[in-house]
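Visitor: Could you take me through one part of this model up close? I'd like to start with a helix pair and then follow the chain from there.

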Amino acid sequence: KAARHIRDVFGDLGLGTSLFPFRTHTFDDASASLSFPGLGEVPCVAVPCSETTARSGVKAPLVVIEAGNEICLRPEMRGKIIMTLGGFRGKDYEALLAVRPAGAVCIDGKMFTNAHRKKLDADSKRKFGTVPMVNVGYEDGIRILAKAPSSCTLRVTTRGERLGRSFNPVGELRGMEKPDEVIVVGGHYDSVWGAQGCQDNAAGMAIVIELARVFAERGCARTLRFMGFGAEEQGLCGSIAYVKKLRDDDERLKKNETFVRDGRKTGLDRIRFMVNVDVHGTKLGQTGAWPCGPTDVSASVRLLSMELGMPCGIHEDAVYSSDNTPFGVAGVPSVSFGRYGANTMFGHTDSDTIEHCDAAGLAQAGVFIEQWISRYVSACKAFPFERTIPAGMQEKLKTYFGGREIFKYEPQFPRKRRHAR
């Protein structure tokens with residue numbers, strides 16, 4: 001429904017529209033409860049698609065470890081409920097499942113927020129299986145530790161788990177001078193489950209739509225492809241699927257000798273750059289830019305910031321965890337714009353509501369991005385940024401994705417795997 005709405009808004013602006021379908025691991029709803037002797041029930045949030053318990057839950061001894069790290073896990077923790085700060089990722093999640101605990105309780109690392117909401121990714125579940133898992137807020141975690149209970153009862157239910165379908169809405173403004181040079185301008189339109197996701201990333205999508213309105217009226221020398229990406233919070237599913245299709249088509253067409261001999265370009269070849277808009281709307285904060293490409297991208301943001309008198313922090317050595325990264329793996333440079341302040345700590349919780357979004361904060365970032373696109377995408381006679389990803393950033397992208405080849409992955413429904421207790 002949201003994807004069709006965004007597509008229709010693009011259409012009302014006079015853009016050429018489409019929906020890009022893809023498959024993703026999803027669910028309908030999830031619930032959980034967590035209780036301790038002498039403490040009673042403690043607020044918690046289910047980790048959807050983790051193992052569903054019996055209706056009465058699972059009661060087991062409680063063991064607390066310092067961190068969700070494999071070095072903290074012991075064979076004698078089998079059949080116990082493990083509680084830790086943060087959570088378990090990558091090889092640490094694999095190590096957790098090897099121990100075969102009765103469940104896991106993850107304490108949020110941020111103070112003064114509700115528990116984080118994040119589903120279990122399908123790839124981890126398919127490879128390693130799962131156990132019942134919940135998240136609790138930091139203050140509740142402190143309260144539990146103060147009581148030092150010896151056991152707890154954990155209940156988790158996920159309903160409607162399946163391999164479903166989502167969409168990336170697309171609105172394209174054809175370039176007036178160089179239509180074969182395509183710039184993707186996008187952001188994700190989904191939120192973590194059970195949350196409004198106003199800053200992350202309804203606000204970013206609002207900026208993308210406003211940029212589409214501005215340039216639809218003004219025109220642009222190069223083609224602007226405005227996009228909303230689905231299922232970003234479930235593992236960049238929409239952007240990975242989109243770039244994977246571009247990559248597959250690119251490899252297929254370049255096996256055609258006539259296509260290559262004629263000097264034709266694939267859809268991937270025509271995409272020169274990607275502008276990503278993710279996390280916005282805070283009034284008291286600062287806009288930041290995360291370049292993923294040649295050093296000239298950083299220089300352009302720095303120069304514009306000084307000229308406009310609008311601060312914009314530049315994070316040259318960091319990978320921005322968003323929909324720009326699949327484009328980077330495919331060799332397309334990008335810059336991600338975000339705006340961070342004190343209340344962005346509510347991201348990924350049910351406290352990320354409209355009250356924490358501010359029109360002035362949206363405008364502050366939106367104007368800067370519009371000016372950057374106007375200058376370096378529309379006004380330049382020759383596109384100013386080389387289509388390359390520096391070797392150092394390529395390595396960081398590999399590390400970010402855990403070394404896996406993201407474009408060879410095909411969505412599968414995870415096998416159910418239960419562990420002996």
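Guide: Let's start with helix α1 (residues 2–12) and helix α5 (residues 198–218), whose axes come within 10 Å and cross at roughly 20°. Before going on: this is a predicted model, where local features need pLDDT of at least 70, side-chain atom pairs count only at pLDDT 80 or more, and totals for chains, interfaces and linings use all residues. Residues are numbered from 1 along each chain as its sequence is written, and side-chain values use heavy atoms, with hydrogens and water left out.

Helices (H or I, at least four residues) and strands (E, at least two) are DSSP runs, numbered from the N terminus. Axes are lines fitted to C-alpha atoms, for helices over the stretch in contact, and angles run from 0 to 180 degrees between N-to-C directions.

Back to the pair: α1 and α5 are therefore roughly parallel to each other (angles under 35 degrees count as such). Their crossing is right-handed, meaning that the near helix is turned clockwise from the far one by less than a right angle. On the α1 side, Ile 6, Val 9 and Phe 10 meet Met 205, Ile 209 and Ala 212 of α5; contact here means heavy atoms within 4.5 Å. By class, that contact has 6 nonpolar, no polar and no charged residues (Ala, Val, Leu, Ile, Met, Phe, Trp, Tyr, Cys and Pro count as nonpolar, Asp, Glu, Lys and Arg as charged, and the others, Gly among them, as polar).

A cis peptide bond joins Asp 200 and Asn 201, with omega about 10°. For context, most peptide bonds are trans.

His 280 sits in the loop between β13 (271–277) and β14 (285–292). With 0% relative accessibility, His 280 counts as buried (under 20% relative accessible area, using a 1.4 Å probe and protein chains only). Leaving out residues up to four places away in sequence, His 280 touches, among others, Gln 199, Ala 203, Gly 204 and Ile 207, as well as Phe 337 and Cys 357. As for Phe 337, its backbone oxygen lies 2.8 Å from a polar atom of the His 280 side chain.

Conventions
Angles under 35 degrees count as roughly parallel, over 145 as roughly antiparallel, 65 to 115 as roughly perpendicular and the rest as oblique. Buried means under 20% relative accessible area, exposed over 50%, partly exposed in between (1.4 Å probe, protein chains only). A polar contact is a pair of N or O atoms within 3.5 Å; within protein, one must be able to donate a hydrogen and the other to accept it, and residues adjacent in sequence count only if both atoms are side-chain atoms.
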